[in-house]
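Please keep the sequence and the model in view while reading.

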Amino acid sequence: MSNHVQMMSLFVHAFVVTIDRLSPSTATIHTVRPTVLSWPISSPIYQTTTFALPSAAELSKAAIEVSPSGFYTRHGNPNHTELADAVAAMEGADRGLVFGSGMGAFATTMLALVKSGDHVVAQKSMYGGALSLISTLLPRVGVECTLVDQTDVSDWERAITPATRLFLIESPSNPRLDITDIAAVTSIAREHGILTLADNTFATPVNQRPIVLGIDLVWHSATKYLAGHSDVSAGVVVGSDDLIEKIWNTSLILGAVLGPFDAWLVTRGIRTLHLRVERANATGAVIAEHLCQRDEISAVHYPGLATHVSHATASRQMTGFGGVLSFELRGGFDAGARLIEALELFQLSASLGSVESLAVHPASMWGALLSEEEITAAGLPPGLIRLSCGLEDVDDLLDDLDRALDSLSA
């Protein structure tokens, strides 16, 4: 029996309350008790902090269960279970956990997996929030981190020390769309007994399944493609039963809880994930090819381009290349700032993976998270622009980009 079916069975019984002897103030609280009479096509939202159970034995069982669906929402919630099960199924994992944000998922997972004296190996090119955590928070708790060139497999192995406990992977990376040879890097990790954690936010399980390639744990900023509508903040991590239990024990303490309604929104978004990602794949490829023809641009970063340095690796491990791409303007920082302000359909926004197209100038945005040295080390050229292609007509998006690029020489 699935977790979801087990969860729903908790509520099939009806509570019977005799209201004749109750005062009006008491009766208003106890006259309506939830009962599931049939199976809804769209799951209900369990907007409750706590659950009533039918017996002391059931209460005791739920209190010690890992991520129970019907005890207390900080522990778990039916909407949490439905979302976690959906992402785990797509990624090929045993089970998952959900959080109030992608960074909540990442931070909780990191604190669950490493301790003082441990060593972590991570990529130089990865999401700025993740880089900030490993460069500022981990050292404060006694964890060292080495940054490597993700495209050089030997660099990962050279970085290993006797204290190395975890490899952090993001492929394609944010914002340069660099590619990690996931199978090769996880092979090295397994040889040395090192856990692997991959950020699959950009690719989504539609385009890439890191667990199939040997990764132990996968996390997402579900705010992005999984939800897909710029209306919810959420995170999720999936993996084996034992690792998820370890992370859940830490999550219970940290309390980065996802609201039931937010979980419901992400689950609703997942129902159209394949359609949205397929459209983004097609649009991203067309726009990347088009931008390669513009003289104002010195480089286009998109793994679907035959000219991408890791195109062959990306083609082996991805079934689609996504709707996120980046490009470098010859005019540097000033040109980047001018371009994003000249765009109309591509809205200036820090996020990605939604139905609307978005653009950002990372050198401007991440200056608040990273120092100039860290920005340089992460390989962020001052004129780099990251685009997230939405569901608009591709010709309209091309016109928008061309008008903005033309304005640079006006």
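**A guided reading of the model**

Serine 67 is buried, with a relative accessible area of 15%; here buried means under 20% relative accessible area, exposed means over 50%, and partly exposed lies in between (1.4 Å probe, protein chains only). The model is a predicted one, in which local features need pLDDT of at least 70 and side-chain atom pairs count only at pLDDT 80 or more, whereas totals for chains, interfaces and linings use all residues. Residues are numbered from 1 along each chain as its sequence is written, and side-chain values use heavy atoms, with hydrogens and water left out.

Serine 67 sits in the loop between helix H3 (56-64) and H4. Helices (H or I, at least four residues) and strands (E, at least two) are DSSP runs, numbered from the N terminus. The phi of serine 67 is near 50°, a positive value in a residue other than glycine. Threonine 204, not a glycine either, has a positive phi of about 65°. This threonine 204 belongs to helix H9 (residues 204-207) and counts as buried at 1% relative accessibility. Most residues other than glycine have a negative phi, and most peptide bonds are trans.

Serine 171 and proline 172 are joined by a cis peptide bond with omega of about -5°, and proline 172 is found in the loop between strand S4 (164-170) and helix H8 (182-191). The bond from asparagine 174 to proline 175 is also cis, with omega near 10°; proline 175 lies in the loop between S4 and H8.

The next subject is helix packing. Two packed helices are described by the angle between their axes and the distance between the axes. Helix H4 (residues 78-91) packs against helix H11 (residues 260-270) at an angle of about 35°, with the axes 8 Å apart. Axes are lines fitted to C-alpha atoms, for helices over the stretch in contact, and angles run from 0 to 180 degrees between N-to-C directions. From H4, the residues Asn79, His80, Glu82, Leu83, Ala86, Val87 and Met90 meet Pro260, Ala263, Trp264, Val266, Thr267 and Ile270 of H11, a contact being heavy atoms within 4.5 Å.

Arginine 294 is buried at 15% relative accessible area, and aspartate 402 is buried at 17%. Aspartate 406 meets arginine 294 in a further salt bridge (2.7 Å, N to O). Because aspartate 406 lies in helix H17 and arginine 294 in the loop between H12 and S8, the pair ties together parts that are 112 residues apart in sequence. Aspartate 406 counts as partly exposed, at 42% relative accessibility.

The structure holds 12 salt bridges.

Definitions and conventions
A salt bridge is a side-chain nitrogen of Lys or Arg within 4 Å of a carboxyl oxygen of Asp or Glu.
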